[in-house]
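Please read it alongside the sequence and the model.

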Amino acid sequence: MRPQSFILALSLIFFFLHCTKTLCQSPAAAPAMAPPKTPVATSPGPVDVNKILQKAGHFTVFARLMQATTEDTELNKELNTTNNGITILAPTDNAFSSLKAGFLNSLSDEDKTELVKFHVLPAFISTSQFQTVSNPVRTQAGTGPRVTLNVTTTGNFVNISSGLTNTSISGTVYTDSQLAIYQLDKVLFPLDIFTPKPPAPAPEPALGKPRKAAPDAESPTAPKDISGAPALLFLHNNALLLAVSCAFGAIIHS
């Protein structure tokens with residue numbers, strides 16, 4: 001039994017040494033995890049006013065008019081290269097179809113450009129900002145009273161008046177922090193196109209050195225009356241002869 005006990009004891013020693021070696025080893029390091037990927041921010045594409053109107057589906061006439069006058073190109077350039085805000089009051093296709101047949105064709109290219117610009121405000125105006133906007137509201141067509149708009153609000157109702165057209169904003173087509181496009185059910189008519197223009201003021205006289213007054217013409221001197229001169233000379237000569245004769249006679253008689 002002794003050899004068996006010795007073998008058993010030796011086995012226990014080897015087992016104990018093996019377990020101790022295993023327990024003393026440091027645990028295996030966990031596999032390194034790849035750092036989380038940061039999502040790449042995709043910058044939005046350039047703003048295209050015409051595409052926005054065409055995508056809306058019922059602004060085809062206004063979109064074509066903007067394209068024909070190159071107003072869309074100017075607006076896109078301004079929106080994509082500056083921080084300027086823009087507000088567009090876009091009439092629907094129904095608004096144009098309600099006009100007299102051939103209306104747009106009767107306008108000159110200059111009038112078409114002014115008509116489009118009259119529907120563009122050179123500032124971003126949110127729906128809430130219409131409550132505090134100051135009249136008259138300037139348009140891209142200019143600043144005079146013939147190309148400005150008046151805005152009135154009642155609650156959420158926004159009324160737009162051009163002096164010839166009264167309509168209201170009937171919906172929001174597009175809005176971000178720089179561009180707002182609102183729907184109109186009527187075309188805005190500017191006074192500058194559809195009413196007679198006032199006559200041009202008369203030119204002011206040129207300012208120059210004052211002219212010297214012309215000297216007064218001298219009054220002609222009345223001619224002296226010499227009609228009695230020969231008679232006086234005749235009397236003078238006779239008196240002289242008489243005096244000489246008297247003197248000569250006095251000498252003879254003496």
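In this predicted model, the largest nonpolar core has 26 residues, of which Val 49, Leu 53, Ile 88 and Leu 179 touch the most other members. Such a core is a set of buried Ala, Val, Leu, Ile, Met, Phe, Trp, Tyr and Cys residues joined through side-chain atoms within 4.5 Å, where buried means under 20% relative accessible area and exposed over 50% (1.4 Å probe, protein chains only).

**Core composition**
- At least two residues of this core come from each of helix 2, helix 3, helix 4, strand 1, helix 5, helix 6 and strand 6 (179-184), with helices (H or I, at least four residues) and strands (E, at least two) being DSSP runs numbered from the N terminus.
- Helix 3 gives the most to this core, namely four residues.
- Apart from this core lies another, of 15 residues, among them Leu 121, Ile 125, Ile 169 and Ala 180.

**Helix 3**
- In helix 3 (residues 60-68), the buried residues are Phe 62, Ala 63, Leu 65 and Met 66.
- Viewed down the axis of helix 3, these buried residues fall within an arc of 160 degrees, so they line one face of the helix; the arc is that of the directions from the helix axis to the C-beta atoms.
- Arg 64 and Ala 68, on the other side of helix 3, are exposed.
- Helix 3 is followed by Thr 70, which has a positive phi, near 60 degrees.

**Basis of the values**
- Residues are numbered from 1 along each chain as its sequence is written, and side-chain values use heavy atoms, leaving out hydrogens and water.
- Because the model is predicted, local features need pLDDT of at least 70 and side-chain atom pairs count only at pLDDT 80 or more, whereas totals for chains, interfaces and linings use all residues.
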